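Have the model open as you read.

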Amino acid sequence: MEHPSLFLTRAVLALAGLLAVITPAAADEPLSLSAAVHAALARSRSLDASTAAAQGARDMAVAAAQRPDPVLRLSLDNLPVNGPERFSTTRDFMTMRSIALMQTLPNADKRRARGERFEREADAALSERAQRVALLQTEVAQAWLERHLQEQRLQLLQAQITEARVLVQTTEAALRGGRGSTADALSAREALAQLEQGLIGAQAERTNARLTLARFTGGPPEQPLADPPPWQRGTATIGPMDRLPDLAALQAREAVARAEAEVARQDLRPDWSAEIMFSQRGSQFANMVSIGVSVPLQWDKPQRQQRDLAARLARVNELEAEREEQARARALQVQRWQQDWRAGRDRLAYLDAHRQPLATQRVDAALAAYRGGREGLGTVLQARRDALNLALERLALERDTAGLWAQLEYLFPDTTNGVKP
């Protein structure tokens, strides 16, 4: 029979081999935008922090709604310190060994208000978590789109460099055959050098975009991307503005302030305390029981308790005004995002339908004129530069428009990926 340790060793080696086979395949699998968002949400520690804060507030709500712990007091009363009976605990009839139990008795409404305050803290923590989810979704989507567009830019420059190298070879061959000019050959090389210099910057920006996305997802930076989502189509339906995560978080904080104001209102009624004490004297004297009630004297209530309540109510008014003002600003911001996204989509469509064909025709015409000897090489190079600038302009416009789509698409936390807001 195989020894258990040998069996375990073989199992570990088999598992390691399986992981070695699976890991490259997972790394080579194209990463979609939705998968990137899901991975980032599952990996985020800030969401765990909000969840822990909510759980802590729930526990505090239970504790705050309870009565305070009773107080046990042990004392030695009326001990003589001089005379013939000094330091004797039995000979003087006034000397007592006492044990007392005191309990503070806040009313049920006050205890309920204290617990409610922490319940609202828990709700606020969950609202902030939903806000973090929405923000993280947007950041990951924009990082994914940024990397996608940077890779498109790199491919565009590489294609331009390939064409520029062909043109360099053509001009140098013509120069060697006595048909071309040195100026044309130098101009072609200068255009190639400019493109290669731009490629260096594009490669650095693509690397940074890869690292940024990998920071969110935890995957390898070189993992390929899947096809982009249909961001040029209609975005998700925008719900009521008061459901936006940041406004919901402000509303939750306002609820916390209202709960704190209710606690201050309940504090206008002082907490009573009851105490019972058993005192033991010498054997020749009777033992005693004392019962007492204590109540704080709110002798300056207008300047203390009522001032505290007024401050809490002012905080409620402050948060309410802030939330209403923020709601107006956010409504305008969302409307502008929608308008800018539609305008960007229309500009892209116009560029593709009108400006791009004109740029292509201009390059073709310049090449035909150059080959026919009617124009110099400078016309061809300028037409290609203009076409490249137009393509880069299109990528920049696509990046801005796709970024607006991400802002609108992920206004609200997505609950379909297993991460609860």
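## A tilted ring pair

F285 has a relative accessible area of 24%, so it's partly exposed (buried is under 20%, exposed over 50%, and partly exposed in between, using a 1.4 Å probe and protein chains only). F93 is partly exposed too, at 45% relative accessibility. Before going on, a word on the source: this is a predicted model, where local features need pLDDT of at least 70 and side-chain atom pairs count only at pLDDT 80 or more, while totals for chains, interfaces and linings use all residues. Residues are numbered from 1 along each chain as its sequence is written, and side-chain values use heavy atoms, leaving out hydrogens and water.

How many aromatic pairs does the count come to? It comes to two, where rings of Phe, Tyr and Trp (its six-membered ring) pair if their centres lie within 6.5 Å, and planes under 30 degrees apart are stacked, over 60 edge-to-face and the rest tilted. F93 and F285 have ring centres 6.1 Å apart and planes at 55°, so this pair is tilted. The pair links distant parts of the chain, 192 residues apart: F93 sits in the loop between strand 1 (71-77) and strand 2 (96-105), and F285 in the loop between strand 3 (272-280) and strand 4 (288-294).

## An edge-to-face pair

W405 and Y410 also pair up, this time edge-to-face, with 6.4 Å from centre to centre and 80° between the planes. Both W405 and Y410 are buried.

## Around A264

A264 belongs to helix 6 (residues 245-266) and, at 3% relative accessibility, counts as buried. Leaving aside residues up to four places away in sequence, A264 touches D308, L309 and R312 (contact means heavy atoms within 4.5 Å). A264 and A311 are 47 residues apart in sequence, with their C-alpha atoms 9.4 Å apart in space.

## The whole chain

Zooming out, the chain has eight helices and four strands; these are DSSP runs numbered from the N terminus, with helices (H or I) of at least four residues and strands (E) of at least two. From the N terminus, the order is α-α-α-β-β-α-α-α-β-β-α-α. The radius of gyration is 38 Å, well over the 22 Å that the globule rule gives for 421 residues, so the chain is more spread out than a compact globule (taken over C-alpha atoms; the rule is 2.2 Å times the number of residues to the power 0.38). The C-alpha trace spans about 135 × 75 × 45 Å along its principal axes.

Buried residues make up 34% of the 421. Of the contacts between residues at least 6 apart in sequence, 81% join residues at least 24 apart.
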